[in-house]
Amino acid sequence: MRSVGSASLPPSGPVEGTTLAGKYRLARMLGAGGMCLVYEAEHIHLRQAVALKVLKPELARDPTAVARFAQEAQAAAQLRSPNVARVYDVDKLPDGQPYITMELLVGHDLGTELQRRYALPMELAVDYVRQAANGISEAHALGIVHRDLKPENLFLTELGEMTERRLLKILDFGIAKNVAEGSRKLTAPDAVFGTVDYMSPEQIRSASTVDHRTDIWSLGVILFELLTGRTPFSGDARSVIAQIVSDPVVPPSRFVPTLPPGLVAVVMKALAKDPDARFQSADELR
């Protein structure tokens with residue numbers, strides 16, 4: 001068994017069987033994103049299964065990447081909602097490589113669920129968005145705006161074989177903005193962060209100045225997609241950006257005529273182009 005104490009990690013990241021920081025034994029890689037590698041691991045002293053999120057070695061020398069990683073950890077560590085993935089520990093390896101220890105979730109993300117099923121039954125779609133609104137409500141109360149809500153960042157954990165319902169957990173606060181602390185310093189005024197299909201018009205115009213209502217828009221897009229199997233606007237990234245800024249939103253009932261008018265009205269209010277015309281809080285949406 002290899003142990004990483006003071007040595008630097010290999011360029012490809014830690015390998016299975018490695019012990020990090022003298023206490024986390026890596027079992028297998030769970031996934032890799034643009035900035036991070038995520039592993040299933042065991043705390044060897046507590047015998048506790050955890051998820052370990054490590055900044056990619058090539059980014060560890062990038063001050064902006066390290067700052068964003070730290071911001072995610074700080075944001076997520078404040079949250080106690082059952083609908084947010086819990087953070088247990090935030091630390092650095094001896095060589096300065098930062099990592100986050102999180103609860104290990106069993107299940108799959110909502111994006112995978114959509115790939116399997118195309119669209120969801122109305123009651124299930126509403127339930128999942130209500131759970132997401134519950135989790136993001138606590139973040140907003142602490143001044144934290146997620147800015148990248150999408151099906152891939154909503155994880156469905158298993159509750160048991162006797163129910164189709166899953167407990168939803170919000171993941172990845174990597175581009176979150178803490179309004180109270182002025183964390184907009186990490187975002188240039190003309191920078192675009194997030195996944196285009198779920199971005200609000202104001203986030204496209206200026207990612208550094210958005211408030212919590214950009215997350216309301218994203219939840220509206222997710223609800224639209226869960227009900228219809230498609231997002232409100234489609235095409236390549238450039239086309240979708242132009243449509244979000246300029247084109248009216250087509251009601252989801254255009255694609256699923258059986259949707260109740262009240263539910264259609266909820267979707268359309270969440271997707272109001274003017275933030276002042278949207279639901280003004282996640283609690284109100286829920």
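Biologist: What should I keep in mind before we start?

Modeller: This is a predicted model, where local features need pLDDT of at least 70 and side-chain atom pairs count only at pLDDT 80 or more, while totals for chains, interfaces and linings use all residues. Residues are numbered from 1 along each chain as its sequence is written, and side-chain values use heavy atoms, with hydrogens and water left out.

Biologist: Why does Pro-275 count as buried?

Modeller: Buried means under 20% relative accessible area, exposed over 50%, and partly exposed in between (1.4 Å probe, protein chains only). Pro-275 comes in at 18% relative accessibility, so it counts as buried. Of the chain's 286 residues, 50% get that label.

Biologist: And what does Pro-275 touch, leaving out residues up to four places away in sequence?

Modeller: Contact means heavy atoms within 4.5 Å. By that rule Pro-275 touches Glu-202, Arg-213 and Gln-280. Arg-213 is 62 residues away in sequence, yet the two C-alpha atoms are 6.2 Å apart.

Biologist: Where does Pro-275 lie?

Modeller: In the loop between α7 (261-270) and α8 (282-285). Helices (H or I, at least four residues) and strands (E, at least two) are DSSP runs, numbered from the N terminus. The chain has eight helices and 12 strands.

Biologist: How do you know that β8 and β10 pair?

Modeller: Two strands pair if DSSP finds at least two bridges between them. β8 and β10 (residues 154-157) share three bridges, in the antiparallel sense, so they pass the rule. Gly-107, for example, stands opposite Thr-157 in β10.

Biologist: What is the strand order in the open sheet of three strands?

Modeller: The order is β8-β10-β11, with antiparallel pairing. β8 (107-109) and β11 (167-170) stand at the edges, because each has a single partner strand, leaving one side of each without a neighbour in the sheet.

Biologist: What about β2 and β3, how many bridges join them?

Modeller: Two bridges join β2 (residues 19-20) to β3 (residues 24-32), and the strands run antiparallel. The cut-off is at least two, so that counts as a pair. They form a hairpin with three residues between them, and Ala-21 in the turn has a positive phi of about 55 degrees.

Biologist: Which strand does β3 join through seven bridges?

Modeller: That's β4 (residues 36-43), also running antiparallel to β3. Tyr-24 stands opposite His-43 in β4, and β3 and β4 form a hairpin with three residues between them.
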